[in-house]
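Please look through the sequence and the model below before reading on.

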Amino acid sequence: MPHGRITHARWPAAAPPARRPRALRLALAALTLATSTTGAAAQNHAHAPPADAPPTGALLHLGASATGLLTRAAPALAGRTFTEGYLTQPVLTAAASLAGGRLSATGMLNLEGLTLRRGELTAGMWGEGYVDRRHPHTYLHELVLSGRAPVAGGSASLSVGRGFAPFGTDDPMARPFVKFPLNHHLAQLPERVLASAAWARGPVVAEAGLFTGAEPRSPEDVGGLDGFGRSWAARLTALPRPGIELQVSTARVAADQRIRGIALDHRKHSASARASVPLLGGAAYGLAEWARTSEHEEGRRVYTFESVLGEAALRRGAWGGALRFERSTRPEEERLSDPFRTPYPHADAHLVGVTRWLVVSGRAEHNRGVGPLRATPFVEASWQTVAELTGSIYDPVEQYGRADQWHLSVGLTLGAGMRHARMGRYGAARTEGHAHAP
Amino acid sequence: MTARSTAGPLLLALILAVATACEDDPVAPIDDDEEELPVSAPLPVVGHGLVPERYTAEVAIHGSWAYTSSWSSRAGNPGNKVVVWNIVGDQPVAADSLIVPFASTTGDVQVSDDGALLMVATERTGGSVMLYDLQANATRPPLITRYTSPATNPGVHTAKFGRVGGTLYAFLSIDPLNTSEGSIAAALVILDLSDPAAPVEVLVRTMGQPFVHDVFVRDGILFTALWDAGLTLWDIGGGGLGGTPADPVQIGNVLTEGGNVHNVWWYHDALTGEQRYAFVGEEEVGGAIGFNSGGDLHVVDVSDMANPVEVAFYHVPGAGAHNFDVDEQNGVLYAAFYNGGVRALDVRGDLSACGAEQRAADGRCDLKLMEREAGVGLADVSPVAVWGVQHRGTRVWASDMVSGLYVLDVSALRR
């Protein structure tokens, strides 16, 4: 095995049933449309495709999954406890491979615009006009086409479409917890129109890309080419040992030119270490990341937000568990009559404050098959505490009723067909590894 | 020459001198010593009305009453409340309140020059202005009308009264609108309030970069604070260019240092009659409210309105300018400076004349170095975030976003 070529531990199969009903087998077959190819793509690629992506030879794979979720947040607002239910992360995924793997496509439709319009209670989360709620993703979450060819002793690719800029770590949807971490808008750059290049040789993957700086404004926002090329990102990934991945990345995100109001340029940095290895007879995963975003107006640094996150998961047999620790800072902004929304953009120019959140989360899950479906009932709990850092007028105890809060979520994830792969790497940059998601 | 011959002229001179001394001068001579204000005098707090459940925004004064609006959401309470204060004594007493439905922020509040109307701007949930009848009841003024139109969407950030040719108008600075379908630029909307129950929209004009944030209207001249597009002067009836509120004609523009033109006041000195200066507030991007802020106060010479020029500035380290009120009898400008409290500036006289050691590198005079800072209030309070100020007699009412309404004694700043 060449250095850096990873044969990571596969997740244990999701308890396949001994015999599936014919109708279910047909349904499963419909989700997996495969034709025979040579597998040359895999041979040309320094890193085998992720196990949950189409296997070599597959032309098209489809998948679907969704999570029913009940969340209790205490307190959520001004001392009040909220209990809410959602259908979260309802997604349709697709991956296709053509021309012996030299051409590939990956895509995801996310239907949260239909099921999660008000957002999902997640204290500390913010972005795209939501606060203490995770915003719904856009319907077209990802659609990227990649072409790959051998170059300079390695494999190079060009990718275009809408998806993740080459920055930071995997999308939280492809990680163990259903509840997002607070640092999503610090550690990833999703849902952008992009063109990126990647080159992989041995244990090193280099990427660079141009993209649109604008964040989506609604689930319907498919983005345009406005401002394309004014934002860029670059990421360097090293694979020193099987199952071990180190990355550093940086990005310059130009202010959204569509905004009528104050919009700031972002300078982003990220570093992370990721492990996906066999352990204790099961499959273990770990991630440690640091991310920083500084916001600038005409070159002058105005704000800086930072995050440190560590998470680990172990699946053994049908059971799995995960832990996550996060320490992130976020802006506190003017809130609307819906206290979980903020204006976008501000009419004025100040923050109400800056808060630091410490969050400790745990998860337990049970994976089982129900016919062609993967069923994962789970429970997630988190404790978090918040403090204002600047001495501003903002008092989190006024906002929430207490500085510390508990979240308890129970849910069931159902999936069929292809699992969505790790999100955010395309073409030659697709390092091996599962999405560590249910 | 005999003693008799010299006594006559001396007596005549004495009589003339006495007669001259007894004449009343049409303009009283200025005694520089008497007129001088203190430098950086502390402005003591004499009263404090508390609003702990909301962030307080602007303050307006009318007779024995003060009205404070509110901003954003605090402890789950939206900024939809206007507190009515009895200010007969030094300690403000919350006498009543107005709850404005369908508003998340009531950022601006103002009383008309005749004391008849109270206007409250609403933002975010469809913009509007609420017009209340102060003559009917100043404590709990009845609503005359709520004016909203497609042009006031998504919010009225500031609303100012202005009288032109005897007619009362409202000048509304409208927020920009950003949606997934597109963006609409900020705009100025002018309402004819001849009949306050039925305002008539006479102007909707896109302006500002990216905002038209505030205006000042006096003598038929409209001053617009256009953020990075600077300060623009318009003839709306007093500039001799044929402009009207329905069709303003631009007279001049100036890009003040640093941009971010937030608010403006055209100063008419009641003693000297001088109308030379407009004071501009700059709100710098950045900072956390109550902790730090930025942006200077700029002095613009508008004696040639077609070619206004910035001549001086006032800087408070770590704090930024917000709204103003001017005691034009005494020549004192009061400025809200967020975490910098209240700053009182001596603005009488020539603000463009200063020594080399009192100038910035770009030639502008530094009012601080000119010892024009006459008073400082609330500087020792933390946290404090002063949004607006209003002056009457020997008192200044300062709205503090954190705590409510402060009352400062400014009797030391009377000439």
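## Terms and conventions

Two strands are said to pair if DSSP finds at least two bridges between them. Helices (H or I, at least four residues) and strands (E, at least two) are themselves DSSP runs, numbered from the N terminus.

This is a predicted model, in which local features need pLDDT of at least 70 and side-chain atom pairs count only at pLDDT 80 or more, while totals for chains, interfaces and linings use all residues. Residues are numbered from 1 along each chain as its sequence is written, and chains are lettered from A, with ligands numbered from 1, in the order in which they are written.

## Confidence and make-up of chain A

The predictor's confidence in each residue is called pLDDT and runs from 0 to 100. For chain A the average is 85, and 84% of the residues score at least 70. Residues 1–55 of chain A, however, have a pLDDT that stays under 50, although the model has 118 contacts beyond four places in sequence for them; here two residues are in contact if their C-beta atoms, placed from the backbone, lie within 7 Å. Where pLDDT is low, the predicted coordinates should not be read in detail.

Chain A contains five helices and 20 strands. Of its 438 residues, 54% are buried, where a residue is buried if 20 or more other C-beta atoms lie within 10 Å of its own, exposed if 12 or fewer, and partly exposed in between, with C-beta atoms placed from the backbone. Among the contacts in chain A with a separation of 6 or more, 67% are between residues 24 or more positions apart.

## Two open sheets in chain B

Strands of a sheet pair through backbone hydrogen bonds, either parallel or antiparallel. In chain B, four strands make an open sheet in the order β9-β10-β11-β12, with antiparallel pairing. At its edges are β9 (109–111) and β12 (143–147) of chain B, each of which pairs on one side only. On average, neighbouring strands of this sheet are turned by 15° against each other, direction ignored, where the axes are lines fitted to C-alpha atoms, for helices over the stretch in contact, and angles run from 0 to 180 degrees between N-to-C directions. Within the sheet, β10 (residues 117–122) and β11 (residues 128–133) of chain B pair in the antiparallel sense over six bridges, and B:V120 stands opposite B:M130 in β11(B).

Another open sheet of four strands in chain B has the order β19-β20-β21-β22, and its pairing is antiparallel. Because β19 (214–218) and β22 (249–254) of chain B stand at the edges with a single partner strand each, one side of each is left without a neighbour in the sheet. Neighbouring strands here are turned by 20° against each other on average, direction ignored. Strand β21 (residues 231–235) of chain B is joined to β22(B) in the antiparallel sense over five bridges, and B:L231 is placed opposite B:V254 in β22(B).

## Backbone details in the loops of chain B

Which residues does a cis peptide bond with omega of about 5° join? They are B:Q209 and B:P210, and B:P210 lies in the loop between β18 (200–206) and β19 of chain B. The peptide bond from B:S382 to B:P383 is also cis, with omega near -5°, and B:P383 belongs to the loop between β31 (373–377) and β32 (386–392) of chain B.

B:S40 is not a glycine, yet it has a positive phi of about 50°. B:S40 lies in the loop between α2 (32–35) and β1 (41–42) of chain B, and is partly exposed, with 15 other C-beta atoms within 10 Å. B:A75, likewise not a glycine, has a positive phi of about 50°; B:A75 sits in the loop between β5 (73–74) and β6 (77–78) of chain B and counts as partly exposed, with 18 C-beta neighbours inside 10 Å.

## Where the chains touch

The contact takes 36 residues from chain A and 36 residues from chain B. On the side of chain A that touches chain B, the elements giving two or more residues are β15 (300–316), β17 (353–366) and α5 (396–400) of chain A. By class, this side of chain A has 17 nonpolar, nine polar and ten charged residues, where Ala, Val, Leu, Ile, Met, Phe, Trp, Tyr, Cys and Pro count as nonpolar, Asp, Glu, Lys and Arg as charged, and the others, Gly among them, as polar.
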